[in-house]
Amino acid sequence: MVAEQIPKMSKVLVKFTSEKLSCVRWQPPVMQGLQNSDTFVTGSWDNSVNSLLVWKLSNGDETSRKGRRDPSEASRFGDIKPPETYVEPEIILRESHVGDVTDLKFAGHQTLLVSSSCGSVQSFSVADDSKKLIPTQKWEDLHHLKMSSSPCTCMSVSGTDVATCGEDGRINVLRLDHRKPIRIIDDADSCSLNAIIHSKTHEVITVNSAGQLKVWDVRQDGNTPVRIFLVTGKKVALHCVDRHPTQPHLVAAGGEDGTLSMWDLRKEHLPVTLFDSHESHVWEVKFHPTNPNNLFTCSDDGSVLHWQTKPGLTSSRPSTPLGGFSTSGISSSQSLLHHPSAADAGSAWISSNTNMSNIDINHVLPSLTMPVNSVDIEGSNLVCGTDGEAIYLVSNVFLH
Amino acid sequence: MAAHRREVPEFSVSCPGSSEWYLSSRWGQGLKLSVFAGNGKRRYLDGHADTPVVLADHPAIHDIRWQTDMHHAATRKLAAQSHEIFTSLQKHTSDSTEGTRKPQLVKFSRRYRVAMMECIEDLRKAASDSLVDEATQEECDSMCQLFQQLELIWNLCEILFIETLPGGVVLQHLLDWVKLHFTEADSLAAKVIEASDDEIQVNEEYWSAVYIYVLQGRLPEARHLLSLHPDKQKDVHGAYGKIDELMRRMPVFGAFSRQTLAEFDLKWRNWQELCQQLLKEGVFVSYQRLENICRILAGQQDVLEQFQHLVGDWYQLMVTKLLYTNPMVKTMDLQYHAKSCMDVFRGSSRLLALDQILFAALEFDITQIIKISSATLSNWWFVAHMADLLHHAGQLESQQLDYGATMREFLLLEYASTLMAEESMWQIVIEYLDHCPVFGRHHLELFVEKIPLKSERKAYKLLKVCEERNMDDQAQSLCKVMGMKALQEERLGTALTWCLKSQDASFASFLAEKFLTEYSLKGNFSNLDLIDNLGSSMLVSDRLTFLAKYRDFHRLYEQGEFSEAASLLLSLLEANLAPKQFLLILLTDALPLLELDTIVFSSKQTSQLLMCKEALLKWYKSEEYTREILPKKSKGHIELEKEKLELLQLGLSRNLSRALLEESVRN
């Protein structure tokens, strides 16, 4: 196990917020890839009035600690502790929000999009110091049913286009600066759409509550998808979906029974691999944006898992099926799949001999009792938000 | 089902001066009442409760809540944090051995206290926040004071009931307790030092700080402060040096020192004799202040009375007294000392709640602590968590209360119900109810049903709660509620997924029929993505199986696989899965197959089709049909059906003859 030999320890920091958090997102840094972000946004749910919080990591020292001295150590005659450098997130802005915050997305560095359980999407312009959110536009009533509004469940950003989906089974494509959606697919799905992601500029992938993954070309008229993929014969709702950052045909989705499914969209309809590591709903799945051999999932069972493919994988390794996960669909696909090479590291996720020895799975957090609703990673900093009304900030996550 | 005894949903009080309107109210979730001007009950009694009333103006509904002390942002943080500690405590004690339990319990107790301290800090900040109005500030301030008291009590209980005390010598812990909660000396000392440039200002505050340090037994701090005294440098009589030496040499009975009690006792007596001797010798005669200190050290009672204003309160006096007169006091004897100190401070005046609770703690009367705390401190958080911790420490006798539950359970239930009114805290409430063995389940069942379902995600979470606890009825009704909601919005696909989750056969049949009606009206199916991929879940109900198979027939037909389509159609007709009204549609579907150039129905199959047709005709003549369905059909509709049947008759007989001919040729 590579991860266990790493001397660098990741550090977990907990902050209670007095609200249940539905979503956390890092703000992308000005120069992406060159610097690490120090700002993230959280959204809450289930309160009568919910809120958006903007957090900033501050390099705390004794001076910033002075305000919250423990009475027991207030003595001036006590020994002076050596100044300890540590990172502490602080709330720099609180903005109230109507309805549950269902998703947060950044379009570039300065535009923040917030979707609501009332079926609307609001965009904000983030001030340079992140201390102000200036509302720029609101798309009302994007998702609605015959008699009432319906929650917008997820958004996906591609350039200036934003695709949204909702429990009403509708897909909207918005363009920033356009007042009206540029494309609406009514009745795109007969069930609730739970998540959406762009695979190409004009192609989106959705997952629904009947265990189907669909690919849509938003330029085409009508409400039929290009392709439909299924998990299994069982109706397992899919809650979240993410695409491999460099290999867009590789898609991961999390289901209500705790499974993580991997599809190769160039191939057959069933997932190539199914991992069964969570005990309950997988609420979010996230490939590391620059290190796609790493994947993170969070679940209703209170755990956050870090999945990583092992480096230097060779194709000659014999496949030995292990308990705890199933390899349905593999037998039919074995001949179709090309063997993974070192240059094609992404396919380790879907290699025909995928088993536990190819992929390391580690817990990121100590076990919690409350569901973890959202996870996001930026550089080596991971943040997650829970129903236990706390954020967990993990710094120095080890990545391949 | 837990529905047999529920509270009256609505009650009303008649208002004088109005014959029509009543002060009415309805229970909300938890400790919440919605109060409004209503007349529902009266109309109900009059027997026309169902007729809608149009109100001229919008009536106001007042939302009344009480015991909301855990809903404030700062206290809510405490609720979330302590919930986490609470659940890990329950998990911990179920899988730990007797040996490791005690030190672990102390850790849990400290974690609770850390959470309380954070809460106090947040409340203090909120109380001085200039952005909020004065009333809120005041509220925060009073809550802050309350939690400070609670923390004081908690700490004492931790020392007395949870810590392991070697030989029952408790004094060192009590000193820490006083030091932690009464920091007046620290602030005084800090003030004095900050105000002085290079030489210390010797004023009243300086001496107060020194005295309090000595009274609290914090001699290193006192010595440090004394060493800053300008006279110390030109200490001609050596008085400062002597008092410093005395304080340095005071023996301390540490929990981890290796000395026995007898050894310590000897050392202590020697030291105190030294103090008395120095006093007698008059070393400090010209240093009134130093003499006072020495008199405190020597354990003279009268000097304590003189410094009563610096001591603080009776419990601080008790600790000081014990420190300088009886440092080896056992926990069991504390109550006698407490009583005498209380008499000094309170005399005959009434005891405050805090006094009573602390005294009850020193008397080891846990029931009394909880009783008084519940009655006077208006906060269930403290008593519930305290009782639970003591329960795990084996200190709380599990005596049954009159109504069947133990004290711990009663308190946990009370605490959980104060959280119920805050809608988003339902997950926390559920976990507390889980740990109430007698009534928890019952409360849980009633509670779960009343949680509003605003989004599917919330429904999923709640469904998981029900499934984990085998609450089948509640899970079933939750799926039904979500399904019905979707149905009302005409989202049949979503309705079906919820219905399949609960394996609700009758609802599935109902929905399948909806799909079929939609087909018979429009001639095509909606929600194909779902129906085509039903898989094994179609087996939930016969109707749904029929729907999926019928859709299969259409697909086969479209793909041009006519003979497979024909036999599937026939098996559908014969299996009797279809609703009666749908039979004609099925038979009509056979028509194009009959008209094909090649023969797809054999003579045997054709006669089976004929039999089905006869069965249909027979049903048309039945009483059920003529009475219930016929009157609903329009004239044109009946004509059309008739025409279809005639066509069918023609097609069937033609096919029969062709088939017979071909079969005879083949043979």
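Let's start at A:Asp376, which lies in strand S27 (residues 372-378) of chain A; strands (E, at least two residues) and helices (H or I, at least four) are DSSP runs, numbered from the N terminus. This is a predicted model, in which local features need pLDDT of at least 70 and side-chain atom pairs count only at pLDDT 80 or more, while totals for chains, interfaces and linings use all residues. Residues are numbered from 1 along each chain as its sequence is written, chains are lettered from A and ligands numbered from 1 in the order in which they are written, and side-chain values use heavy atoms, leaving out hydrogens and water.

With 5% relative accessibility, A:Asp376 counts as buried (buried means under 20% relative accessible area, exposed over 50%, and partly exposed in between, with a 1.4 Å probe and protein chains only). Its side chain reaches the backbone nitrogen of A:Trp26 at 2.8 Å. Setting aside neighbours within four places in sequence, A:Asp376 is in contact (heavy atoms within 4.5 Å) with A:Val24, A:Arg25, A:Trp26, A:Lys286, A:Asn381, A:Leu382 and A:Val383.

Now for the aromatic rings. The structure holds 33 aromatic pairs over all chains; rings of Phe, Tyr and Trp (its six-membered ring) pair if their centres lie within 6.5 Å, and planes under 30 degrees apart count as stacked, over 60 as edge-to-face and the rest as tilted. One of these pairs is A:Phe40 with A:Trp55: the ring centres are 5.8 Å apart and the planes lie at 5 degrees, so the pair is stacked. It links distant parts of the chain, since A:Phe40 belongs to strand S3 (residues 39-44) and A:Trp55 to strand S4 (residues 50-60) of chain A, 15 residues apart. A:Phe40 is buried at 0% relative accessible area, and A:Trp55 is buried at 1%.

Chain B has a stacked pair in B:Phe546 and B:Tyr550, with 5.8 Å from centre to centre and 10 degrees between the planes. Both residues lie in helix H27 (residues 542-558) of chain B, four residues apart, about one turn of the helix. B:Phe546 is buried, with a relative accessible area of 0%, and B:Tyr550 also counts as buried at 0%.

The charged end of A:Lys20 sits over the ring of A:Trp45, 4.4 Å from its centre (the rule asks for NZ of Lys or CZ of Arg within 6 Å of the ring centre and within 35 degrees of the ring normal). In chain B, B:Lys501 lies over the face of B:Trp498, at 5.7 Å from the ring centre.

Finally, look at where the chains meet. Here 54 residues of chain B are in contact with 56 residues of chain A. The two chains bury about 4,600 Å² between them, 51% of it on carbon and sulfur atoms; buried area is the accessible area (1.4 Å probe) that two parts lose on being put together, summed over both. The rule finds nine salt bridges across this interface, each a side-chain nitrogen of Lys or Arg within 4 Å of a carboxyl oxygen of Asp or Glu. One of the salt bridges joins B:Lys461 to A:Asp387, with the closest N and O atoms 2.7 Å apart.

How values were computed
Polar contact = N/O pair within 3.5 Å; in protein donor to acceptor, adjacent residues only side chain to side chain.
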